[in-house]
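Please look over the sequence and the model before reading the notes that accompany them.

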Amino acid sequence: MMRYIPTLLLLLSSFFFSYGQESYTSLTKNALEIMWKAKDTTGYRQALNGYERAFKKYPDSIDNLGLYKASVLASDLNDFENAFNYLTLLLAPKDKNDSYPGWTYILSKYAKSEYKSMLDKPKWNELTQKALVDKTKFYKELQKNEDEFYAITKTDLLQIEDAKDLYEAIKNYNPYLVKKRRDYSISFAINDSTRTSFFVHLPAGYTPKKSYALLFFLHGAVRNNALVDFQTAENNLHGWNRFYTKYAEQNDVILVFPKGSRKYNWMLPDDGFFMIPEMIKQIKRAINVDDNKIFISGHSNGATGAFSYLMKQPTPFAGFYGFNTYPKVFTGGTYIENIRNRSFINFSTDEDYYYPPNANDCFTQLMDSIKADYHEHRYEGFPHWFPEFDESESAYKILFKDLATRKRNPFPQEISWEFDNNKYGSIDWLSDIILDTSTEKADWHRELNFKIHQWLEYDKNDSLISKNVDKNAFDFPYRSGKIKAQYANNVFRIETSRVKSLRLNISPDMVDTKKKIKVFINGKEYFHGRISYDRRFILQHFEKDRDRKQIWINSIELNIKNTKTDALLISYSFVVNSSLTFTEAGVYKKFYRVD
């Protein structure tokens, strides 16, 4: 007897672990394993007996997932009385239930195949009608909780006319209210027709009078996940994530769990990469977050996602972590020196098929060579799914110890940034950097890479073997631009390679606004003057990122002249005034990108 088990439920099932010799969790986990391996009714009967034993021995621990599995098994065995009893319990109100609501199992697209032998029973129609009523109530409550999450006191910054007063008001901006709950499932719009959700878990005793560190966890297996309307504590705070929950509780850290899919995620393709920065902005509208203590972590594809934000869009974050990381950007070049702007801690294992230990060794050597704030912690004897094991707890202790002491410097005195997509041409006080890939790169603009010669994989007998490979660690499919910048004593010195223009954002925490600012690019003076507070600019940028620590009062727009372009401009001016017609001159200008 065959049955389709939804991918989501398989993933949820993997979140359950045994913490003793025998418990509700261990009994139901064992029953589920018997169910998966069952080939006939005898196996299904054994699995059902396992669930019933767990229900009888631990009645206070009965959860919706267990009731659902038991009801499906009973249905397959034509034990309709018990099947309906379990479904009735599934829909019954519960004093505390952080799992998926009972109606989701009855109204799911899989229900007709899971309960095919019960669909003609009057009781099935009765339960379906109740499930529809429960669904309506559930979504109303979900919206009510979301409205409460976003509720703040009214503070109209637009009424502040003086730019300096506005700057101070943003620094002290605190319209936040006490929250009624600790857990919120929040809807998130990807576009006009597509939505997903993120789950927020607040510290015990959350108070709006205090600002809190915030940690994102990015899930893996992005190609096997789907967007969901809502999330629950069951599939975020327990199982593989149990140590995040434990140590976030001890350190007063807000946890956030976004939900991605094959198309919209943080790794590949680029369609969903905007989601995390946008979620940060939305969360900052609702709760008191310490802007200098926002962190991001993940496992597998999620760890690769955390690494990708470090490489492509690190500005909002203070630190980055990854469990079983594949350190590579899959949507463009991996410009590894970008790590010098922040930090990364990787927790690797020696039996990982996702990224092999020899490659991690080479990566660590590369990090040491560029003096990056990078640390790898290797755990021997563990496979890719390291967070499943209790022995992973020591890694979380390391993570949260680092998180507790690390803060973002919103105004670093030195920046080095490389990118191949104008969408990611911003970091801290440099923004809107535009590429000029028609020119040759500077001598100091180098490409860093290394070779990987061995990779681990599982053979047909599920044995881990080493395979010889010859592959580059990173790909560079596009031409990149790079910028190095520093400031001190009101003087900015910038070097560029394949960069056409940029914006230099100014904060009174960086310069003395009473004195003139000098900007040198590639050894030439580009700006010499004073910068004043610009009210409109301040408002625009606060609306853009909701950052109360990294506040810009104005900016300097800089168009870069390079020697070759200057020569073309001179030549262009000369030929227009002598022998070429204006039409010919226009073609000349377009072909050489002279503007």
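The report below describes a sheet and then a pair of helices.

## Basis of the model

This is a predicted model, in which local features need pLDDT of at least 70 and side-chain atom pairs count only at pLDDT 80 or more, while totals for chains, interfaces and linings use all residues. Residues are numbered from 1 along each chain as its sequence is written, and side-chain values use heavy atoms, with hydrogens and water left out.

Strand β10 runs antiparallel to β15 (residues 499-506), and 4 bridges join the two; the bridge partner of I434 in β15 is S501.

## Two packed helices

Helix α5 (residues 80-91) packs with helix α8 (residues 122-150) at an angle of about 15°, their axes lying 11 Å apart; helices are DSSP runs of H or I of at least four residues, and axes are lines fitted to C-alpha atoms over the stretch in contact, with angles running from 0 to 180 degrees between N-to-C directions. That angle makes α5 roughly parallel to α8, a term for angles under 35 degrees.

In this pair, F84, L87, T88 and L91 of α5 meet K123, W124, L127, K130, A131 and D134 of α8, where contact means heavy atoms within 4.5 Å.

Methods
Two strands pair if DSSP finds at least two bridges between them. Angles under 35 degrees count as roughly parallel, over 145 as roughly antiparallel, 65 to 115 as roughly perpendicular and the rest as oblique.
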